[in-house]
Amino acid sequence: MKPRAHGEHSRRARCFTGVTVYGATNVDVVVTGAGQAGLSAAYHLRRRGFAPYRGFVVLDADSAPGGAWAHRSPSLRMATVHGFHDLPDFELPTPDPGAPAREVVPGYFAAYEAKHALPVVRPVRVRAVQPRPDGRLLIETDAGDWSARALINATGTWTRPFLPHYPGHFAGRQLHYADYRGPGSFAGQRVVVVGGGASAIQVLSEVAEVAETVWVTRTPPVYHDGPFTPEVGRAVVAKVEERVRQGLPVRSVVSVTGLGPSVAYRRAEELGALDRRPMFDRLTEHGIAWGDRELTADAIVWATGFRPEIAHLAPLGLRSPGGGIRTDGTQAAADPRVHLVGYGPSASTVGANRAGRSAVNAIVKLLGEPSEAPVRVQPL
Ligand SMILES: Cc1cc2nc3c(=O)[nH]c(=O)nc-3n(C[C@H](O)[C@H](O)[C@H](O)COP(=O)(O)OP(=O)(O)OC[C@H]3O[C@@H](n4cnc5c(N)ncnc54)[C@H](O)[C@@H]3O)c2cc1C
């Protein structure tokens with residue numbers, strides 16, 4: 001069957017999938033996103049008998065493996081990441097602590113996709129997921145449409161950096177952590193770093209080597225002295241889980257883990273960069289101000305977190321009155337065909353691994369046996 005030539009996107013998808021994309025291609029399960037959460041889900045789908053491409057696909061907006069890790073600052077080294085858990089059934093060989101995480105982790109993900117022959121189709125951006133009258137889900141993308149009986153959403157947060165609003169206008173340089181690329185361009189300046197999490201500490205530990213830093217946080221940072229034990233982890237996850245159960249907007253696990261004695265933390269402390277100040281009231285042309293006290297600055301780095309990338313799920317009407325998507329485990333309370341992994345309590349590498357497995361278990365219960373062969377369906 002000859003594929004319809006309707007531009008680069010369909011050629012791209014055809015080349016990666018080996019399936020012909022007319023209208024919509026039918027599979028049992030579509031996974032959106034090939035970061036840690038999507039790859040874990042894909043691994044478990046394979047284990048439970050879903051055939052690559054025929055039974056399920058993973059659609060990923062990036063042009064290469066790595067998920068969010070491929071976009072992090074080149075200055076983030078394996079020694080300074082908060083902690084990294086291997087994907088199921090394939091160990092990350094002990095990395096050089098000085099190696100950039102944005103090279104090591106994407107290399108590992110690429111090897112993982114190849115080892116388990118995972119059907120990742122990229123670059124494919126999911127634009128919207130629509131309910132179909134026949135009970136299936138229509139996944140509309142920039143490279144043709146797919147139709148599925150269930151969806152595992154694993155689109156992460158990296159593409160939704162959160163910038164809080166403060167009154168006033170600052171004429172200097174401002175950037176979010178997502179655009180931070182290391183300390184080099186701040187040499188000799190005064191830099192305000194906003195945020196109380198591990199990302200802010202990473203920025204402080206690097207920028208304070210070459211510049212004067214001012215650290216401001218909305219609430220006093222939460223410290224834990226000891227290592228990040230499983231008990232600490234469980235307590236943190238429980239907090240985030242409770243919000244999601246109530247249908248409130250999620251907070252990431254990493255945002256509530258508190259600050260531990262990490263390599264970055266110790267370095268920032270040595271450099272005297274952890275003298276925290278309360279949040280300023282407003283921006284001024286040349287800096288920041290608390291009441292009538294102004295402090296001039298050259299740059300502001302907003303290490304203020306991320307929000308879940310879920311806008312494409314809007315047509316499904318999953319949001320609860322609290323503004324978040326209420327889930328039971330990974331399953332959307334409003335639609336049992338939809339699972340969110342790497343979301344809320346599972347937004348960490350270890351959480352994403354577990355969420356992938358439990359989403360697939362629930363989908364197997366819902367769908368029963370995988371279908372035998374793909375069926376082509378017409379677009380709505
Ligand atoms: C700044 C920061 C630091 C962190 N540090 C750590 C740490 O040290 N240790 C730790 O355990 N966890 C850390 N986390 C959390 C952790 O990175 C993630 O929770 C984990 O890697 C799981 O990623 P994911 O698969 O959910 O998302 P991602 O890795 O972001 O992958 C999402 C994928 O979905 C794709 N995508 C997005 N939108 C679409 C769309 N519409 N259509 C198709 N594809 C799409 C993206 O291209 C991407 O490939 C950190 C998170 C942040 C934000």
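Predicted model: local features only at pLDDT ≥ 70, side-chain atom pairs only at ≥ 80, totals over all residues.
**Exercise 1.** Which residues in α2 meet which residues in α3? Describe the packing of the two helices.

*Solution.* Residues are numbered from 1 along each chain as its sequence is written, and side-chain values use heavy atoms, with hydrogens and water left out.

Step 1. Locate the elements. Helix α2 covers residues 36-47 and helix α3 covers residues 101-115; helices (H or I, at least four residues) and strands (E, at least two) are DSSP runs, numbered from the N terminus.

Step 2. List the contact, meaning heavy atoms within 4.5 Å. Gln36, Leu39 and Tyr43 in α2 meet Phe109, Tyr112 and Glu113 in α3. These residues divide into four nonpolar, one polar and one charged. Here Ala, Val, Leu, Ile, Met, Phe, Trp, Tyr, Cys and Pro count as nonpolar, Asp, Glu, Lys and Arg as charged, and the others, Gly among them, as polar.

Step 3. State the geometry. The axes of α2 and α3 are 11 Å apart, at an angle of about 15°. Axes are lines fitted to C-alpha atoms, for helices over the stretch in contact, and angles run from 0 to 180 degrees between N-to-C directions. The two helices are therefore roughly parallel (angles under 35 degrees count as roughly parallel, over 145 as roughly antiparallel, 65 to 115 as roughly perpendicular and the rest as oblique).

Step 4. α2 passes α3 in a left-handed crossing; a crossing is left-handed if the near helix is turned anticlockwise from the far one by less than a right angle, and right-handed if clockwise.

**Exercise 2.** Determine how α2 packs against helix α8.

*Solution.* Step 1. Helix α8 spans residues 349-367, and α2 packs with it at an angle of about 35°, with axes 8 Å apart. Step 2. The crossing of α2 and α8 is right-handed. Step 3. From α2, the contact involves Gln36, Ala37, Ser40, Ala41, His44 and Leu45; from α8, it involves Thr349, Ala352, Asn353, Gly356, Arg357 and Val360. Step 4. By class, the contact of α2 with α8 has five nonpolar, six polar and one charged residues.

**Exercise 3.** Characterise the pair α4 and α7.

*Solution.* Step 1. The axes of helix α4 (residues 198-207) and helix α7 (residues 263-270) come within 8 Å and cross at roughly 45°. Step 2. That angle makes α4 oblique to α7. Step 3. Their crossing is left-handed. Step 4. Ile201, Gln202, Leu204 and Ser205 in α4 meet Ala264, Tyr265, Arg267 and Ala268 in α7.

**Exercise 4.** Which residues come nearest to the ligand?

*Solution.* Step 1. Of the 31 residues around the ligand, Asp60, His82, Gly83, Val126 and Thr349 come nearest (a residue is near a molecule or strand if one of its heavy atoms lies within 4 Å of it). Step 2. Consider oxygen atoms of the ligand. A backbone N or O atom of Gln36 lies 3.0 Å from one, and a polar side-chain atom of Asp62 lies 3.0 Å from one. For Ala347, a backbone N or O atom lies 3.3 Å from a ligand oxygen atom.

**Exercise 5.** Identify the residues joined by a cis peptide bond.

*Solution.* Step 1. The bond joins Arg122 and Pro123, with omega about -5°. Step 2. Pro123 lies in the loop between β4 (120-121) and β5 (126-131).

Methods. Polar contact = N/O pair within 3.5 Å; in protein donor to acceptor, adjacent residues only side chain to side chain.
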